Amino acid sequence: MTTTLTFGPPVTSPGRAAFTALAARELRRFVLNPVFLFAVAITVYAQWVGPDAGTTEIDTINPYPAIFLGGFGMMAAYWLTRSMRVSEPVVGVTPITRPARTAALCLVALVPFACGCLTLLRFVQLIPVSSPLYGPFGPSARVAVLVGQIVIPALGGPLLGVALGRWVRFPGAAFVLFLVLYGWVSLVTILTMWHPGSAPVMVLRLFAPFAFFTDTLDSGAVTAWRGSPWFFIGWQLALCAIAVLVALLRGAESRVRTRIIRTLAITAAAAVVLLMLAVTGGFTHAVAA
Amino acid sequence: MVTASISLRDVGRTFGATRALAGVDLDLKPGVTGLLGPNGAGKTTLLRLLATALPPSQGQVRVLGLDPEVPAERTGIRRQLGYQPQEVGFPRGFTAFAFVDYIALLKEWSQPAARHAEVRRVLDLVGLSDLGSKRIRAMSGGQRRRVSLAQALLGSPPVLILDEPTTGVDPEQRVTLRTVLAELARTSIVVLSTHQTEDVAALCERVIVLDRGRVRYDGPVTDLTGQAAGRVWLADEPDPAAKVSWRTGTGRYRNIGTRVRDDVEHAEPSLEDAYLLLGGGSPEPETAEEVAS
């Protein structure tokens with residue numbers, strides 16, 4: 001063993017280069033997370049291997065990316081965020097602030113987002129947008145439905161995991177939230193099946209990070225539910241932004257904190273407006289194809 | 001030439017109703033300064049203040065001329081700081097190399113080649129060069145302690161704050177550590193808290209004794225040791241006149257008294273004798289912060 005010491009300024013580069021290097025590291029840690037790898041494997045199976053040529057209903061396969069890339073991605077991001085908490089006495093006195101570390105963690109959501117985009121392409125290949133399985137929606141609304149069901153949850157789930165990891169200490173919080181969201185979406189979907197024309201039920205259905213827009217009857221007829229898929233995407237993106245801002249708030253100081261709170265208030269207001277537009281837009285009643 | 005320095009003026013820190021530090025005035029220059037004191041004396045609180053992990057409740061702290069309460073200046077301090085906390089956890093699945101490398105990233109070593117070379121260097125300094133690929137969770141307590149020390153040594157920082165760095169470390173490694181710190185202290189301010197008085201005696205030019213949040217002694221180690229001259233003696237039985245006495249390995253009793261004695265067999269005083277004479281080592285209730293940690 002040698003005890004050679006070197007003195008002088010270290011080869012450090014403050015600012016963007018350090019942040020980029022940290023973000024790349026977090027990205028690698030996320031990609032190698034067993035929960036995320038499992039999520040990707042299941043999604044691949046569900047979209048590439050599993051579906052047969054005779055698929056008669058889009059809703060049988062399109063929730064998988066939301067469940068696995070979004071839900072499991074949330075759990076993986078939560079674990080990633082919490083993983084360094086035990087080392088906070090050391091990590092907390094480094095030059096990279098906690099909000100900057102949080103921002104680096106938020107960037108890992110780009111991976112499941114990219115996976116969601118690929119899954120969307122595969123889905124469209126499997127069931128072309130022109131297919132009657134989409135019901136009475138126009139081509140543009142059909143794309144919006146798929147983006148809102150496949151791509152945005154894959155982005156939002158991990159962001160929610162980061163926010164949760166920054167604020168909640170309970171180790172199983174992400175799993176509990178996953179069950180709550182799954183339960184909520186299932187409940188409001190069943191309610192909508194019973195009362196497809198009900199306005200309050202529609203509000204409950206859209207007051208979620210994921211929503212179904214169609215119902216396929218045993219006869220094969222497809223009913224399109226109320227609400228605007230495009231504004232629903234806006235609502236989902238606003239929820240994503242809120243998750244990022246809430247995560248960044250932890251550890252933010254002085255002017256940065258003030259700015260985040262102000263932006264959070266504006267985003268929350270925008271989210272409410274977008275939800276209202278999603279509720280009031282689109283079909284004003286359930287439409288059978 | 002500007003000399004790196006740390007200054008504290010009337011610094012105090014409270015945790016609820018518990019006063020951990022009160023009226024601390026210190027100036028620290030390059031060199032090794034030892035921090036002694038019983039449990040709950042405020043050592044960890046003082047080190048956390050210096051490491052920018054905790055703001056003071058009162059008074060003024062300046063590290064390298066920068067104010068840690070101003071966010072931008074705090075970042076400036078952290079760029080020049082190495083800190084080994086008393087206790088640090090390690091994330092699951094990390095090897096020693098991966099952990100130190102991650103901390104190096106957070107210390108803005110963004111160039112992989114330079115960063116990896118630096119990580120290898122500090123792991124070598126603490127004697128872990130062969131264990132870099134070993135998972136930290138599988139390491140012994142002493143090895144984990146050295147991993148946490150390695151990350152503090154990254155970049156040979158101008159300010160190095162070490163909270164009980166030698167706890168659980170074997171004697172050979174402690175000697176190596178002393179060599180490393182002595183070398184670093186030529187240009188850096190090294191402050192270490194420890195219960196091992198022999199480490200302070202072997203390494204530090206200056207010692208600060210804290211008791212109940214106040215500075216009880218601040219000066220050269222030799223001066224503190226000198227205060228015990230004539231007050232340490234050996235006897236076959238515990239001496240009732242002694243403040244402290246214990247049976248040594250030779251079967252004789254080492255006595256330490258407050259008065260200089262002429263009628264006894266004197267022993268060479270150690271820093272530990274002087275520290276005990278000063279009143280250190282008397283157990284006090286731990287501060288709220290230390291209980292929490």
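Strand E10 (residues 232–235) of chain B pairs with E12(B) in the antiparallel sense, and four bridges hold the pairing. One of the positions to look at here is B:Leu234, whose bridge partner in E12(B) is B:Arg254. Please keep in mind that this is a predicted model.

On its other pairing, strand E12 (residues 253–256) of chain B is joined by four bridges to strand E11 (residues 244–247) of chain B, and these two strands run antiparallel. B:Arg254 turns up again in this pairing, standing opposite B:Trp246. Five residues lie between the strands in the hairpin of E11(B) and E12(B), and B:Gly251 there takes a positive phi near 95°.

Put together, the open sheet has four strands in the order E11-E12-E10-E13 (chain B), with antiparallel pairing. E11 and strand E13 (265–266) of chain B each have a single partner strand and stand at the edges, so one side of each is left without a neighbour in the sheet.

Three bridges link E1(A) with strand E2 (residues 222–224) of chain A in the antiparallel sense, and A:Thr214 has A:Ala224 as its bridge partner in E2(A).

Here are the strand pairs side by side.

| Strand pair | Bridges | Sense |
|---|---|---|
| E10(B) and E12(B) | four bridges | antiparallel |
| E11(B) and E12(B) | four bridges | antiparallel |
| E1(A) and E2(A) | three bridges | antiparallel |

Stepping back to the whole of chain B, the chain is divided into domain 1 (1–80 + 157–222), domain 2 (89–156) and domain 3 (230–268). Between the C-alpha centres of domain 1 of chain B and domain 3 of chain B there is a distance of 33 Å.

Now for the packing. The largest nonpolar core has 165 residues, and those with the most contacts inside it are A:Leu159, A:Ala243, B:Val100 and B:Ala150. Beyond its neighbours within four places in sequence, B:Val100 is in contact with residues including B:Val119, B:Val122, B:Leu123 and B:Ala150. B:Ala113, found in helix H4 (residues 112–125) of chain B, counts as exposed because 8 C-beta neighbours lie inside 10 Å. B:Ala113 is 41 residues from B:Leu154 in sequence, and their C-alpha atoms are 14 Å apart in space.

The contact takes 30 residues from chain A and 41 residues from chain B. On the side of chain A that touches chain B, helix H1 (16–31) and helix H4 (88–91) of chain A are the elements that give two or more residues. H1(A) provides the largest share of that side, five residues. By type, the residues of this side divide into 18 nonpolar, ten polar and two charged.

How far can you trust all this? The predictor gives the complex an ipTM of 0.86 and a pTM of 0.88. Chain B has a mean pLDDT of 89, with 94% of its residues at 70 or more. Among the elements of chain B, helix H3 (residues 96–106) has the highest mean pLDDT (97) and helix H10 (residues 288–292) the lowest (40). Over residues 281–293 of chain B, pLDDT stays under 50, and the model has 30 contacts beyond four places in sequence for them. Where pLDDT is low, the predicted coordinates should not be read in detail.

Technical notes: Residues are numbered from 1 along each chain as its sequence is written. Chains are lettered from A and ligands numbered from 1 in the order in which they are written. This is a predicted model: local features need pLDDT of at least 70, side-chain atom pairs count only at pLDDT 80 or more; totals for chains, interfaces and linings use all residues. Two strands pair if DSSP finds at least two bridges between them. Two residues are in contact if their C-beta atoms, placed from the backbone, lie within 7 Å. Ala, Val, Leu, Ile, Met, Phe, Trp, Tyr, Cys and Pro count as nonpolar, Asp, Glu, Lys and Arg as charged, and the others, Gly among them, as polar. pLDDT is the predictor's confidence in each residue, from 0 to 100. Domain bounds come from an automatic or database domain assignment. A nonpolar core is a set of buried Ala, Val, Leu, Ile, Met, Phe, Trp, Tyr and Cys residues joined through C-beta atoms within 7 Å. A residue is buried if 20 or more other C-beta atoms lie within 10 Å of its own, exposed if 12 or fewer, and partly exposed in between; C-beta atoms are placed from the backbone.
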